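Please find below my notes on the model you sent.

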Amino acid sequence: MKGSVILSLIISVICPVVHMARVFVYGTLKKGQPNYFRMENTSNGQAVFLARARTVEPYPLVIATKHNIPFLLNVPGTGQRVYGEIYRVDQKMLEFLDRFEHCPEWYQRTKIQLEVQDGDAEGEKSIEEAFVYRKTTYESEWLQKPTYESYDANGDHGLKYVSPEDRSPE
Ligand SMILES: *[C@@H]1O[C@H](CO)[C@@H](O)[C@H](O)[C@H]1NC(C)=O
């Protein structure tokens, strides 16, 4: 007991930035998707890939607005269990993501339950919690839209994602 207290003291001295958070991304920030480069850019902070995961509960993942943005709507129990990726991020990256996701105006960052996919023991899938950016305010017709289990900007839905840099002013 005493040893572990001393150990954690040592760790907090040599690694002062222990302010790490876990974030689940399900849309354009995933590997191979149009905003992944922002996760890799160390000017934005640090993001370390931890695992692929799937939401424990189903949610509607829809593509909406004229910019074809993927949104996880906060309606648990409808839609599908959604696949994404868990990253460990530092405070700087978390602040970058909050700005990028327009949190809390567009998306709200809350915790979500996830089933880790690439675990070690076969059949033993661990449950983890991470932050997720999801939409709690949306137009009712978004609930009529097709839902996706795994977002792909180049999927056969044909809804091309428009990145922030390419959006024309209103
Ligand atoms: C990384 O982010 C910084 C700060 O936002 C930006 O100036 C730079 O162009 C980015 N680099 C890449 C390769 O995207």
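**Notes on the predicted model**

1. Ligand shell. In this predicted model, the residues surrounding the ligand are F37, N41, S43 and N44. Sorted by class, the shell contains one nonpolar residue and three polar ones, with no charged residues.

2. N41 places a polar side-chain atom 2.3 Å from an oxygen atom of the ligand. On its own the ligand has 360 Å² of accessible area, and the protein covers 29% of that.

3. Secondary structure. The protein chain contains three helices and seven strands. Read from the N terminus, the order of elements is α-β-α-β-β-β-β-α-β-β.

4. Contacts along the chain. Take the contacts in the protein chain between residues at least 6 apart in sequence: 73% of them join residues at least 24 apart.

5. Burial and surface. Of the 170 residues in the protein chain, 41% are buried. The chain has an accessible surface of about 9800 Å², and carbon and sulfur atoms account for 52% of this surface.

6. Nonpolar core. The largest nonpolar core is made up of 43 residues. Which residues have the most contacts inside it? They are V23, F24, Y26, F71, L72, V89 and L97. Helix α3 (residues 91–100) gives this core its largest share, five residues.

7. L72. This residue is one of those with the most contacts inside the largest core. Leaving aside residues up to four places away in sequence, L72 touches Y26, Y59, P60, L61, V82, I112, V132, R134 and K135. Y26, one of these partners, is also listed among the residues with the most contacts inside the core.

8. L114: position and burial. L114 is part of strand β6, which spans residues 108–116. Is L114 buried or exposed? L114 counts as buried because its relative accessibility is 0%, and the cut-off for buried is under 20%.

9. L114: surroundings. With residues up to four places away in sequence left out, L114 touches F24, A53, R54, T55, V56, I86, S126, I127, E128 and A130. F24, among these partners, is another residue with the most contacts inside the largest core. E129 is 15 residues from L114 along the chain, and the C-alpha atoms of the two are separated by 5.9 Å.

Key. Residues are numbered from 1 along each chain as its sequence is written. This is a predicted model: local features need pLDDT of at least 70, side-chain atom pairs count only at pLDDT 80 or more; totals for chains, interfaces and linings use all residues. Side-chain values use heavy atoms; hydrogens and water are left out. Helices (H or I, at least four residues) and strands (E, at least two) are DSSP runs, numbered from the N terminus. Buried means under 20% relative accessible area, exposed over 50%, partly exposed in between (1.4 Å probe, protein chains only). Contact means heavy atoms within 4.5 Å. Accessible areas come from the Shrake-Rupley method with a 1.4 Å probe; for residues, only the protein chains shown count as cover. A residue is near a molecule or strand if one of its heavy atoms lies within 4 Å of it. A polar contact is a pair of N or O atoms within 3.5 Å; within protein, one must be able to donate a hydrogen and the other to accept it, and residues adjacent in sequence count only if both atoms are side-chain atoms. Ala, Val, Leu, Ile, Met, Phe, Trp, Tyr, Cys and Pro count as nonpolar, Asp, Glu, Lys and Arg as charged, and the others, Gly among them, as polar. A nonpolar core is a set of buried Ala, Val, Leu, Ile, Met, Phe, Trp, Tyr and Cys residues joined through side-chain atoms within 4.5 Å.
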